[in-house]
Amino acid sequence: MPKTLKRDLFPYLLLLPAIVITLVIVAWPLVETIRLSFTDASLKPTENYIGFANYEKIFSRRFPEVIARTFYWMALSVALKMLVGTFGAVLLNSAVPGRTLARILVIPPWVIPIAIGVFIWGWMYNGQFGMISGLLQRFEIIGGPLEFLAYRETAFLATIITDVWIGTPMVTIFVLAAMQAVPGDLYEAAWVDGAGRGYRFRRITLPLILPAIATMSLLSAIWTFNSFDIIWILTEGGPRGGTTTMIIDTYKTAISRFKYGEGAARAVMIVCILTAFSGAYFYLISRFAKKGA
Amino acid sequence: MINKYRWWEYVAIYAGLAVFLGFILAPFIEAFVVSLRPLNALFSIPYQFFTDEMSFSAYITMWQNVPLLWLYMLNSFFIAAMVTLCGLCAIIPAAYAFSRFEFRGKNTLLAAFLAINMVSGAVLIIPLFKVMQELGVLNTYIAMIAPGTAFVIPTGIWLLRSYLLKIPKELEEAAWVDGAGRLYTLRRVILPIALPGIVVVSIATFIAAYAQQFIYALTFNNKNELNPLPVGLFQFFGRQEVVWNELMAASLVGILPVLIVYVFLQRYIVAGLTAGAVKE
């Protein structure tokens, strides 16, 4: 590469389009969110700076509960996604006839619009006529119709299951790719030495795919934390706040109730938490980068 | 041989696959069955998987309830395609800069782009609404395309950068020695070689843009004829009674094109998802 002037503008020119759109769509709104969080902005034309009043207000109410629920929802959903997804990857990695077809069939929930998948789940959760309640009744696991989205606990679980359904294909394909990147001669060497299938999985596959699982868990945690469509379509955060996560809470406060200032304060709290996540993400990336070098 | 299974291992694997794929595919099967049944048969107790009077009539009557279905499908495609196109215009030069040049603030900038991955449009929805309002683009395609574009850029840069890093620098040096300008080198030397990587990034971007257009359209657009598929069909829920069989029929018809395209592009999709992530 030619060594050019020290103050070379060319790379900055290359970055210009990406930087401009990011400034307009992400950076400026982020700054504006922080500013709004210190105001009483609403539909009124005027807004006043009110210091930390919004933060005091939200923390005096049920906000800590919402934070706790968000983490609980995320942790449960991510754990299930990783578990089901890895389970699927192990199965799809086995050398049986038909696995190519199975690998194609696993993708649909991931490539269709999220909202469409959620519509279908909305029907399935219907207590009177839906598939899940119907089957559970047929096998006499539940006595009568169960309206899954009408009770806090079942709605909480129902939104998680739908989230798991949408997130699983990606985990599966990701872990599967990591498993296939494991050099085959490792298995052969172990096999020659008489290691069984379970032993080979525990001692070769698992340690080598662990970085991929760690990365995927973290990315999945971030996406799950930001999950909006699923809960909004299924319950809009109800019943009685039972599925209100921080994102839903922010959207409701700001967009449905027009309390921009208070909504912004909630959004700032989300950004704080996500910043902690991104710290962990960079730590993981830099560790792998060192290993790869 | 190493990969030979005993009979009970086959049984276990296929049973596991059946459970796993059952979970993944059950909603699609249920949606198809529902779309075939008349509305009054749907609202019957106890739950029945099959009814006698199955027909494709919902696929015909749905056009009265959702006359704009074709338009919604086209809008979804158009928005996702524009996000991909605009995204690529930003991603390709940026990824090139990050993979080839040393400049001040490079690492900070790269980290800043990756940090965008953490935030979602929903968090920034309040000021975003104001931005769209001030730009005068509320209720236009731009209001749905621009936010989508910003949020696909980071992943795109990351994926393409790792692809470009694998291309030997000697190629550009040779072009330089032959007197080619830098933009010319990017266009005529790098782009053709990076094409497979660009294809993979495009597909990954398109899928993300296609799957996640709900919140922007819901918030920034109230012109029905501009709505993408998910928001167009969401209106079913606004009515007094949800016409489930037609909703399912419309949903299935709406997603059919993507699923067909997917089967053909499956190899690239898997590559796109796993490229930059598993190994740098």
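The legends below describe close-up views of a predicted model. Local features are given only at pLDDT of at least 70 and side-chain atom pairs only at pLDDT 80 or more, whereas totals for chains, interfaces and linings use all residues. Residues are numbered from 1 along each chain as its sequence is written, and chains are lettered from A in the order in which they are written.

**View 1. Helices H8 and H10 of chain A cross at roughly 150°.** The axes of H8(A), residues 152-180, and H10(A), residues 197-225, come within 10 Å, where axes are lines fitted to C-alpha atoms over the stretch in contact and angles run from 0 to 180 degrees between N-to-C directions. Helices here are DSSP runs (H or I, at least four residues), numbered from the N terminus. H8(A) and H10(A) are therefore roughly antiparallel to each other, a term used for angles over 145 degrees. Their crossing is right-handed, which is to say that the near helix is turned clockwise from the far one by less than a right angle. On the H8(A) side the contact is made by A:Asp163, A:Gly167, A:Val171, A:Phe174, A:Val175, A:Ala178 and A:Met179, and on the H10(A) side by residues including A:Thr205, A:Ile209 and A:Ala212; two residues are in contact if their C-beta atoms, placed from the backbone, lie within 7 Å. By class, the residues of this contact are nine nonpolar, four polar and one charged (Ala, Val, Leu, Ile, Met, Phe, Trp, Tyr, Cys and Pro count as nonpolar, Asp, Glu, Lys and Arg as charged, and the others, Gly among them, as polar).

**View 2. Chain B meets chain A through 88 of its residues, which are in contact with 89 residues of chain A.** Helix H12 of chain B, residues 244-278, supplies the largest share of the chain B side, 16 residues. That side of chain B divides into 67 nonpolar, 13 polar and eight charged residues.

**View 3. Domain 1 (7-55) and domain 2 (66-278) make up the division of chain B.** These bounds come from an automatic or database domain assignment, and the C-alpha centres of the two domains of chain B lie 34 Å apart. The contact takes eight residues from domain 1 and seven residues from domain 2. On the domain 1 side, helix H1 (7-36) and helix H2 (39-42) of chain B each give two or more residues, with the largest share, four residues, coming from H1(B).

**View 4. Helix H6 of chain A, residues 114-124, is mostly covered.** Eleven of its eleven residues are buried, meaning that 20 or more other C-beta atoms lie within 10 Å of a residue's own, while a residue with 12 or fewer is exposed and one in between is partly exposed. Among the buried residues of H6(A) are A:Phe119, A:Trp121 and A:Trp123.

**View 5. A:Ser278 lies in helix H13 of chain A, residues 260-292.** A:Ser278 counts as partly exposed because it has 19 C-beta neighbours inside 10 Å. Its C-alpha atom is separated by 9.4 Å from that of A:Leu219, 59 residues apart along the chain. Leaving aside neighbours within four places in sequence, A:Ser278 is in contact with B:Ala115 and B:Met118.

**View 6. A:Glu236 has a positive phi, near 50°, in a residue other than glycine.** A:Glu236 lies in the loop between helix H11 (229-234) and helix H12 (246-256) of chain A. With 14 other C-beta atoms within 10 Å, A:Glu236 is partly exposed.

Note on methods
Angles under 35 degrees count as roughly parallel, over 145 as roughly antiparallel, 65 to 115 as roughly perpendicular and the rest as oblique.
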